[in-house]
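I'll jot down what I looked up, in the order I got to it.

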Amino acid sequence: MEDVSLVASDTEDVTSRILCREKQMAMLYSLMGEPSQPTCPSVFIYGHGATGKTLVVSTLLKAASLPHAFVNCIECQTSRQLLDSILDQVANHKPHPENNYSSLNRCENMNTFVRLLKKTIEERGIENQTVYIVLDKAERLRNMDGNLLPAFLNLSQLSGCNVCVFLLSQIVWEKFLFGFGSNHFEPFIIHFPDYTKSELLEIIASDCPKGYSAEFYSSYVNLLMSIFYMVCRDLNEIRHLAQLNFPKYVEPITKGEASEKDSHKLWRHIEPHLKKALQTVYLREVTSEQWEKYQRDEISQTGQSSILPSSSRTQIELPFYSKYLLIAAYLASYNPARYDRRFFSKNSGKVKKSAVNRKKETSHQLLGPRAFPLDRLMAIFYSIVDSRVAPTANIFSQISSLVTLQLLAQVGHEDQLDTPKYKCTVSLEFIRSIARTVSFDVIRYLYDFVK
Amino acid sequence: MSHLQEAFRKTFPAIMPKRNCRREPLGGSTIDRVQSILRRRVCRIEVPPKDIIEENLKEQRQHLVDLINRCAVRGESNSAIVTGPHGSGKTMLVSSVLREIESNPKVSKNLLIIRLNGLLQTDDKIAIQEITRQLQLDNVVGDKVFGSFAENLAFLLEALKRGSDTAQSVLFILEEFDLFAHHKNQTLLYNLFDICQSAQTPIAVIGVTRRLDVVELLEKRVKSRFSHRHIHVFNSLAFPAYKEVCKRVLTLPAEVGDAKFVKRWNQDIEALCSNATVHDVLKKTYQLDKSICRLQSLLLLPICKVTEDHPAIEAVDLVESSKHLGADSKAAMLHGISVLQLALVIAMKHLTDLYEGDPFNFEMLYNEYLKFVQRKAHVVQSFEKPVVLKAFEHLVSLEIVKPVDGHGSRTQKEYRAMSLLVTSAQLMDVLNTYPGCPSELKHWASNPLPS
């Protein structure tokens, strides 16, 4: 979202720059009316991320030069920061190095705020105009002081000034209800619907870089969406991916191997690259800068495969005994204790036929790891390690380092020094890759796969 | 602002259509006045005149006026609580009574009015500061430090007595009275009612609250000092009276200026209210919520749409407004999620049915998703686990899925117990309206796979 700051004379230019939101802008505009007319006390705007809520509201207010205050509730941890910021903006006061970045007023609670708001409006001489207060990410207000949200919803009646409060959020209004039964003053609710596929194309096609035609860029974005649209409809994400991968897409054109018309060839060139992007850049496991570098290397050295910095999740180097300790911890977490004898003792003996009268259990893999005491871990460890290992401090300190690496988690109170309990927090794929490095078949020892 | 209006109409001719008006467009100022008047009525700023309130609330109004008169003229201390559901006109009643009091010189010269609100004064300390400020005794109090609340209040009332020759009565109006009952020890309430009972200074205390059982919230010592005088404001409008109110809200008074326009407008409103479609819309709204508050929200949008090109309210405006008020917000949000997220929601619904309401975790959800994808591998595209996890986390941030144990849990995020906040009926609605919904998903939603 660009911050569109402009002068009132550019209104036509600006309002036409926002695409596909005409209906919502018209509704907002008709609600606002003339500055001297009162508006409904509060308006609640909700919709998915990147649907243009903040953009439309801030553009409309700036374009019409209406007195307003814009605060993002994520930035305010305490109510004082929120209220001070609103008062500063209504008074047109900006914290500067000259005034030591201080606020104009000190406002601890809502009572002072209402009084100072009235005073500030009178000082600025805008009593006959509607003052707009916009609170972005309004769901955070629910976690602040309990009286803040009801007071904002009714601010015009409480303060006696011509004030309208806009609340913008991704969460629906029903989740804001509080108190016993009937809610306080209901705001006017506006929904910003998600963009349809064609609207998304229209908006992204406007970023077409120079030197290429708009239809070419549109067809590229269409191809991109065929891979990503099923997973994600967020405008910001798709726009970012489109910009990031465009150099790779036009690589055959810049090298002279193809022209704009050979869409089939270009598609075959980009498809594996986009699939890889789905697993790395989309998940933010690789930064965009690394991705761009990887692309440039690939482009400059065709023939050599360049190394993509893959996620750090799968690569971890542990000492030899640590690997066995981790495997033992995994087995202890996911196997029920009563089956240990069957798996780990040298002469397992017969398996008793117990009456199976319990209902079908969910696989332990799905329920999550369970806690086990240290002794059980050491017992399993000794049985799976081939060589004789003495229980030195070296081995135990490796367990502590596994906890620091967050591969194991300590469960229960830290004061329990004689029987500490742990839990293994790695996934099955991870443990299999570790086990492969020491040639240990972990599946054979897991209850869920053997029974 | 007219240049903005022009700019808007030039850019968005489709949204602001020139409807087929049978009359010629008017000068801007008449419409401005019309809008101002109507908005003031609908945004709850204007207090209706006495005779309109007396139609339904004659006794209550008379009771309050008597109470206050007796306090001001004869020095009788009194207390009363005005109760009624949300939107039934309590604040309107109190404002109207105050207006009458202030216009009567015999009463108003002896009476000081203090208005407190439970939403703003959340603490007794803030309350006493506000009382001091409203009594304009800031300089008298100065920097004195008082031991207790009672001392402070007694000092203030003494100062009042000293200040003027005649005895001054004080009227306290406490809005959101039930919030005052949540203060520590209910000191403010106790002291006010105590002064009421003991004949120090004649004060009248009027509480306004939404809770009918507010007296149960009071402590025993406070309850015993309260006079148990209740003034009930109930909304007892029958449907014909409701329609009358609607007509009256929209009827213009003669002060608008243009007499011909006013006459035509009022005739149109008569015709509108006898229209069958409008009758249905009003009946539906009335059956949902009898309060005038809801009627005002219904009329807001049609009033805001009155412009120079469209100087009338039509039945279709009211229908649209009613549809807007009744929109299902969760379905609207679900409309914008991606196909992968929709598949996850269907999987969650099946899991909830299978486990009869017990919470599930992400691993179980992923397992269910994999079962579906493997069965339909030829048609449905499958995604890797991290991509599915990202989609799932987005659903959690939209509060469509919620963790059962709150924020403080320390289990890994894949294993945290979650529950789905969407009902089967909502899901079916979404599947019917979802753009481009794959038919396999629809089929899966109604026929869960055998496990």
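Accessible areas here come from the Shrake-Rupley method with a 1.4 Å probe, and for residues only the protein chains shown count as cover. On that basis I get about 22500 Å² of accessible surface for chain A, with 50% of it belonging to carbon and sulfur atoms.

Ground rules: this is a predicted model, where local features need pLDDT of at least 70, side-chain atom pairs count only at pLDDT 80 or more, and totals for chains, interfaces and linings use all residues. Residues are numbered from 1 along each chain as its sequence is written, chains are lettered from A in the order in which they are written, and side-chain values use heavy atoms, leaving out hydrogens and water.

Chain A next. I find 20 helices and eight strands; these are DSSP runs, H or I of at least four residues for helices and E of at least two for strands, numbered from the N terminus. Of its 451 residues, 50% are buried (under 20% relative accessible area, 1.4 Å probe, protein chains only).

Then I moved to chain B. Helix α13 (residues 239-250) of chain B packs against helix α14 (residues 259-274) of chain B at about 155°, axes 10 Å apart. Axes are lines fitted to C-alpha atoms over the stretch in contact, and angles run from 0 to 180 degrees between N-to-C directions. So α13(B) is roughly antiparallel to α14(B) (over 145 degrees).

Last, I checked R61(B), found in helix α3 (residues 50-74) of chain B. Buried or exposed, I wondered about R61(B)? R61(B) counts as buried, because its relative accessibility is 2%.

How values were computed
Parallel < 35°, antiparallel > 145°, perpendicular 65-115°, else oblique.
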